[in-house]
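This report goes through the chain shown below by topic. It begins with overall figures and then turns to individual residues.

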Amino acid sequence: MKKDATQTPEQLLAAIRAEAATLELKTQPEPEPVPAPLPESADAGDATALLPRKQRYHYREFIPFSEEAFIHNAFHCILRREPDPTGLADYLARLRQGVARPTILLELSRCEEAQPHGVTIRGLFAYRVFHKLQRVRVVRPLARRAFSLYRRISEQPSADEIHQFRASILQQLSSFAGRIRRNEQSQAALLDQSSQQQNRFTALQQQYQQLNQRFANINHKIAYQQQQWARLSPREHPCGQAETAPPATPSPPGGDGDLAAFYVAFEDACRGSREAIRAKLQRWLEALPPPHQASNRVLDIGCGRGEWLQLLNEAGYVTTGIDTNPLMVSSCTAQGLNVLDTDTLAWLKQQPDASLCAITAFHVIEHIPFAQLLRWTTEARRVLQPGGVLIYETPNPENILVGSHTFYHDPTHRNPITPTLLAFLAEYCGYDQTELVRLHPYPDEARVSGSDPLTERVNGHLCGPQDIALVARTPAAAPAADEEVVTA
């Protein structure tokens, strides 16, 4: 039918109705029953799986197969033969170009070769209508849109398919949940084993630390005994003449018996590592006069393991250390440090006036009587050069925990020294520019929570600086007379 430009709308509508009537369209689509399930032996993805031959099929029976299996089944059921290579390739190409499978079934069932077999494919009513409407050019666009909508609706899964799909999903989820439970159980077992191994490792580590500490203590005792034997004469030595009984072991300068060995072990266990001590002492290099001035000699009283002497040597100072513990002295000497086992006051009295740039004593003055501290401070004032610095660091009794508890960890401590006493001592002995530096507060997590004045005061007394340092300088040299004239 061709559209005439002279036709009125009523004439055009009448022509469409007349042409459509000649197509003998059915007014009701035939019912589409649920397709029969595939045979148990059939595999939809297998190109060799074939439906049983019968006279009536529903097009949905062909849908589950893969593209090649679909073509094989269409030829097998409708044409009663296998597809030839050319036909197979042609229909596969059309499928991959988007041609609907029901359309191919419709073409095969209406071809001349299929007529003798009389096979009926149900469910293709809409496809037959669409092919007939394709002949009516006027309604072709509307038919295409209607057919596209029909395909989207008809290709929705049936209730039985949805039920089967849901059952399959639930079965897979159940299997997956079982695997998750087994994995969780395995993971819990592994975590339990890991926790047990970690506990065993922690216990072994603690045992190792304890054994290591015991080993260090024994080494200190052996070193102390070797030093004591080295001081004995051949007749007094335990390995000397048998007829001469060795006298009792002499006491070290630092105390009775093996107190020296005990104190070295105590410092190693409680004071901290060499790296930690060096990091704490590093700040004091800035307080010293530069080493290139009149004198670069520094005395460190109670030098211990020698960390501060090492820092001073690296900075260019000439150092002398004094310690009364023979094991400490031996350790420092082995490191190449100049350390003496002598009396501090006697050594100071042997030094010329203004011959040192600095004298330091870190955690020493709490070990001696105050009369001895006064003599040290007075003699240090004489041997320090103008502008020289005296540094005393000691536990801070302003911190209640330090003054009442941690101070007494060390059995050789005598009594805490207050900041007021330190400041007055320096002023009394003639020092200038006296400063008190408070150091090493407790960490923030030790503080009581709160910001009110009472809480802040409590935190100041309990968690404040654990140490305090006196930094006192000798008065600078007065300018010469000619310098005063030039200045004037």
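What percentage of the 488 residues of the chain count as buried?

## Basis and overall figures

Of the 488 residues, 34% count as buried, where buried means under 20% relative accessible area, exposed means over 50%, and partly exposed lies in between (1.4 Å probe, protein chains only). The model is predicted, so local features need pLDDT of at least 70 and side-chain atom pairs count only at pLDDT 80 or more, while totals for chains, interfaces and linings use all residues. Residues are numbered from 1 along each chain as its sequence is written, and side-chain values use heavy atoms, with hydrogens and water left out.

The secondary structure comes to 17 helices and nine strands; these are DSSP runs numbered from the N terminus, helices being H or I with at least four residues and strands E with at least two. The chain exposes about 28,900 Å², and carbon and sulfur atoms supply 55% of that area. Accessible areas come from the Shrake-Rupley method with a 1.4 Å probe, and for residues only the protein chains shown count as cover. Among contacts in the chain with a separation of 6 or more, residues 24 or more positions apart account for 69%; contact means heavy atoms within 4.5 Å.

## Salt bridges

The count comes to 10 salt bridges, each defined as a side-chain nitrogen of Lys or Arg within 4 Å of a carboxyl oxygen of Asp or Glu. Side chains of opposite charge can pair when their charged atoms come close. One of the bridges joins Arg 96 and Glu 67, with the closest N and O atoms 2.9 Å apart. Arg 96 lies in helix 3 (residues 85-96) and Glu 67 in helix 2 (residues 67-79), so this pair ties together parts that are 29 residues apart in sequence. Arg 96 is exposed at a relative accessible area of 59%, whereas Glu 67 is partly exposed at 28%.

Glu 107 forms a salt bridge with Arg 94, the closest N and O atoms being 2.6 Å apart. This pair links distant parts of the chain, with Glu 107 in helix 4 (residues 101-110) and Arg 94 in helix 3, 13 residues apart. Glu 107 is partly exposed at 28% relative accessibility, and Arg 94 is partly exposed at 22%. Salt bridges that share partners also join Arg 81, Asp 84 and Glu 113 into one network. Within that group, the closest N and O atoms of Asp 84 and Arg 81 are 3.6 Å apart. Asp 84 is partly exposed at 31% relative accessibility, and Arg 81 is partly exposed at 27%.

## A nonpolar surface patch

Ile 169, Leu 170 and Leu 173 make a nonpolar surface patch of about 270 Å². Patches are made of residues with over 30% relative accessible area and no salt bridge, like charges being joined within 9 Å and nonpolar side chains (Val, Leu, Ile, Met, Phe, Trp, Tyr) within 5 Å. Ile 169 sits in helix 7 (residues 159-231) and is partly exposed, with a relative accessible area of 30%. An α-helix has 3.6 residues a turn, so residues three or four places apart point the same way.

## Helix 10 and its cover

Which residues of helix 10 (residues 307-315) are buried? They are Glu 307, Trp 308, Leu 309, Leu 311 and Leu 312. What covers them includes helix 9 (274-281), strand 3 (297-301), strand 4 (318-322), strand 5 (339-340) and strand 6 (356-362). After helix 10 comes Gly 316, which has a positive phi, near 100°.

## Loops and cysteines

Asp 410 is in the loop between helix 14 (400-404) and helix 15 (419-428). Asp 410 is buried at 8% relative accessibility, and a polar contact of 2.6 Å joins its side chain to that of Thr 412. A polar contact is a pair of N or O atoms within 3.5 Å; within protein, one must be able to donate a hydrogen and the other to accept it, and residues adjacent in sequence count only if both atoms are side-chain atoms.

Pro 443 lies in the loop between strand 8 (432-441) and helix 16 (453-463) and is partly exposed at 40%.

The structure holds zero disulfides, a disulfide being a pair of cysteine sulfur atoms within 2.5 Å. Cys 357 is buried at 0% relative accessibility, and Cys 463 is buried at 7%.
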